[in-house]
Amino acid sequence: GYSKRDVNLEELGGIQGGVTDVSDQSGLGVRVDEIRRSFNAYVNERLRNSHSGYEQLNQFSKEVALLENTLLPTGSDLSTFIGEFFSSLQELAASPGDSAPRVVSLEKGKDLANAFKDYSDRLETAQSGSFSQAKISIGNINILAKQISDVNAKLKSAGATASPNDLLDTRDLLMKDLSKEIEYTSEFGNRGDVTIKLGNSGKGPVLVSPNASLQLRAKITSNADFRYSFET
């Protein structure tokens, strides 16, 4: 999380005497005026947005791949069982007096029913796993938000003439880690403290203010649509 820094030097003025004296300019040299930190708010915001976008798509890809493997396993997907069941019914309709097609149809019906139950169990497991992952991510968000809030407090209490570069580096590193968990926008105060709002519109709920941080929670609002809501 270290940011490159450079030193700004200023010349020490000569000792001034009376109005008729010549000022002494010898041997005074320079002194450190400021240690400047290489930082570009726009570039860092773009970097964090890229992290958020990548992590969102990466997690979505993993969830979709898991769902695809669950619903479409090679050679044993649900459509296969449905096709075999209706094929057996066609054979039964062609030979209604034959007991063999009837037995086959019953067995294919049982296989189809078991397949539906198996898929239901798999989807419930996938849902539970997704929700558990969401809770882990929200726990990480709450920890990072609290840490950023603590850095805000230290930045606001730092001396007016101090250059808290270490704190600013820590702030940026925490914000980078937070961007891997959730999408947000940021605004910086005069002392380097940051306000973080959820979403990419700049008008979302405040997660971290200059004086405090809010905690997120997640819950399943409906078993039918598997949606999540976040509460402050």
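**Helices, angles and burial**

Mentor: The axes of α1 and α3 come within 10 Å and cross at roughly 165°. Axes here are lines fitted to C-alpha atoms, for helices over the stretch in contact, and angles run from 0 to 180 degrees between N-to-C directions.

Trainee: What makes α1 roughly antiparallel to α3?

Mentor: Angles under 35 degrees count as roughly parallel, over 145 as roughly antiparallel, 65 to 115 as roughly perpendicular and the rest as oblique. The angle is roughly 165°, so α1 is roughly antiparallel to α3.

Trainee: Which hand does the crossing of α1 and α3 have?

Mentor: α1 passes α3 in a right-handed crossing. A crossing is left-handed if the near helix is turned anticlockwise from the far one by less than a right angle, and right-handed if clockwise.

Trainee: Which residues of α1 and α3 meet?

Mentor: Q59, E63, L67, T70 and L71 in α1 meet Y119, R122, L123, S130 and Q133 in α3. Contact means heavy atoms within 4.5 Å. By class, there are four nonpolar, four polar and two charged residues in this contact. Ala, Val, Leu, Ile, Met, Phe, Trp, Tyr, Cys and Pro count as nonpolar, Asp, Glu, Lys and Arg as charged, and the others, Gly among them, as polar.

Trainee: What kind of model is this, and how are residues numbered?

Mentor: It is a predicted model: local features need pLDDT of at least 70, side-chain atom pairs count only at pLDDT 80 or more, and totals for chains, interfaces and linings use all residues. Residues are numbered from 1 along each chain as its sequence is written, and side-chain values use heavy atoms, with hydrogens and water left out.

Trainee: How many helices and strands does the protein chain have?

Mentor: The protein chain has four helices and seven strands. Helices (H or I, at least four residues) and strands (E, at least two) are DSSP runs, numbered from the N terminus. Along the sequence the pattern is β-β-α-α-α-α-β-β-β-β-β.

Trainee: How do you know that the reach of α1 is close to the expected one?

Mentor: The expected span is 1.5 Å times one less than the number of residues. Helix α1 (residues 41-71) has 31 residues, and 45 Å is expected. From first C-alpha to last, α1 reaches 45 Å.

Trainee: What makes α1 roughly parallel to α4?

Mentor: α1 and α4 pack at an angle of about 30°, with their axes 8 Å apart. That angle falls in the parallel range, so α1 is roughly parallel to α4. R48, H51 and S52 of α1 make the contact with M175, K176 and S179 of α4. These residues divide into one nonpolar, three polar and two charged.

Trainee: Why is α2 called roughly antiparallel to α3?

Mentor: The axes of helix α2 (residues 78-94) and α3 come within 9 Å and cross at roughly 160°. That makes α2 roughly antiparallel to α3. The crossing is left-handed. Among the residues in contact are F81, F85 and L89 of α2 and V104, L112 and F116 of α3. The contact divides into twelve nonpolar, three polar and five charged residues.

Trainee: Why is S149 called buried?

Mentor: Buried means under 20% relative accessible area, exposed over 50%, partly exposed in between (1.4 Å probe, protein chains only). S149 has 10%, so S149 is buried. S149 is placed in helix α3 (residues 99-157). Not counting residues up to four places away in sequence, S149 touches V208, N211, A212 and S213.

Trainee: Are Q127 and G109 buried or partly exposed?

Mentor: Q127 lies in helix α3. Q127 has 14% relative accessibility, so Q127 counts as buried. G109 also lies in helix α3. G109 has 22%, so G109 counts as partly exposed.

Trainee: Which residues of α1 are buried, and what covers them?

Mentor: The buried residues of α1 are E45, R48, S52 and T70. Their cover includes α3, α4 (165-179) and β3 (184-188). In α4, the buried residues include L168, L174 and L178. Across the protein chain, buried residues make up 25% of the 232 residues.
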